[in-house]
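Take a walk through this fold, from its strands to its cores and then out to its surface. Keep the sequence beside the coordinates as you read.

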Amino acid sequence: FEKVANLPGVEFVYVGSAAFRMMGSSNILKGMSGVPSGITGSLQSIKSMEVLECDNAASKEYIKAAIEKIVRENSLEMILETNEDGDTTRIYAHVPEEDAPLKDLLIENSEKDEYNVVYIKGTIDVAALQQLNVGD
């Protein structure tokens, strides 16, 4: 993402592993509205998160090619694809064998005037996330 972060019409955010470790080992998120109890333990295994938003047509095409390369070179498999009125969302990850956790989740959303990507590197324990008490 570093190569595309400075393209016209691109907004980019990087959150490193230190931030996730701090959130996971402290009470920063505890009791915060909308944050499920138990999520802090799940955050510690995340290495980084990159979020990219683009509203420039030329930059969008360049970024799409970069995302295709990331998916291909990292052997990410498509988990889900939706298409509604020309808006497309795709979710990719290293899909585990049996009960192993997911690794390196990439979410790509393409709309007419906007293109968004979230790339979470690290281990994502889907079973642990499903057990979170969202009502707390």
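Two strands pair if DSSP finds at least two bridges between them. Helices (H or I, at least four residues) and strands (E, at least two) are DSSP runs, numbered from the N terminus. The model is predicted: local features need pLDDT of at least 70, side-chain atom pairs count only at pLDDT 80 or more, and totals for chains, interfaces and linings use all residues. Residues are numbered from 1 along each chain as its sequence is written, and side-chain values use heavy atoms, with hydrogens and water left out.

Start with the overall layout. The protein has 4 helices and 6 strands. Along the sequence they follow the pattern β-α-α-β-α-β-β-β-β-α. Contact means heavy atoms within 4.5 Å. Among contacts with a separation of 6 or more, 53% link residues 24 or more positions apart.

Now follow the strand pairing. Strand β1 (residues 10-16) runs antiparallel to β2, and 7 bridges join them. Here V13 has V51 as its bridge partner in β2. On to the next pair: β2 and β6 are antiparallel too, with 8 bridges. I46 stands opposite G122 in β6, and C54 has Y115 as its bridge partner there. Strand β5 (residues 102-110) also pairs with β6 in the antiparallel sense, over 8 bridges. In this pairing I107 stands opposite V118. β5 and β6 form a hairpin, with 4 residues between them.

How well covered is all this? Buried means under 20% relative accessible area, exposed over 50%, and partly exposed in between (1.4 Å probe, protein chains only). Of the 136 residues of the protein, 32% count as buried. β6 is mostly covered, with 7 of its 10 residues buried.

Next, the interior. A nonpolar core is a set of buried Ala, Val, Leu, Ile, Met, Phe, Trp, Tyr and Cys residues joined through side-chain atoms within 4.5 Å. The largest such core has 15 residues, and F1, L52, I63, I67, L106 and V117 touch the most other members. Two or more residues come from each of β2 (46-54), α3 (57-73) and β6 (115-124). The largest share is that of α3, with 4 residues. Look at L106: leaving aside neighbours within four places in sequence, L106 contacts I67, I70, L76, R90, I91, Y92, V117, V118 and Y119. Another core, of 7 residues, lies apart from the largest one; I46, L102, L105 and I120 are among its members.

Beyond neighbours within four places in sequence, E50 contacts F1, F12, V13, Y14, V117, V118, Y119 and K121.

Finally, the surface. Accessible areas come from the Shrake-Rupley method with a 1.4 Å probe; for residues, only the protein chains shown count as cover. The protein exposes about 8700 Å², and carbon and sulfur atoms supply 50% of it. Which residues form a nonpolar patch there? I79, L80 and V95 do, with about 230 Å² of accessible area together. Like charges are joined within 9 Å, nonpolar side chains (Val, Leu, Ile, Met, Phe, Trp, Tyr) within 5 Å. I79 sits in strand β3 (residues 77-84). I79 counts as partly exposed because its relative accessible area is 43%.

Technical notes: Patch = residues over 30% accessible without salt bridge, like charges linked within 9 Å, V, L, I, M, F, W, Y side chains within 5 Å. Salt bridge = Lys/Arg side-chain N within 4 Å of Asp/Glu carboxyl O.
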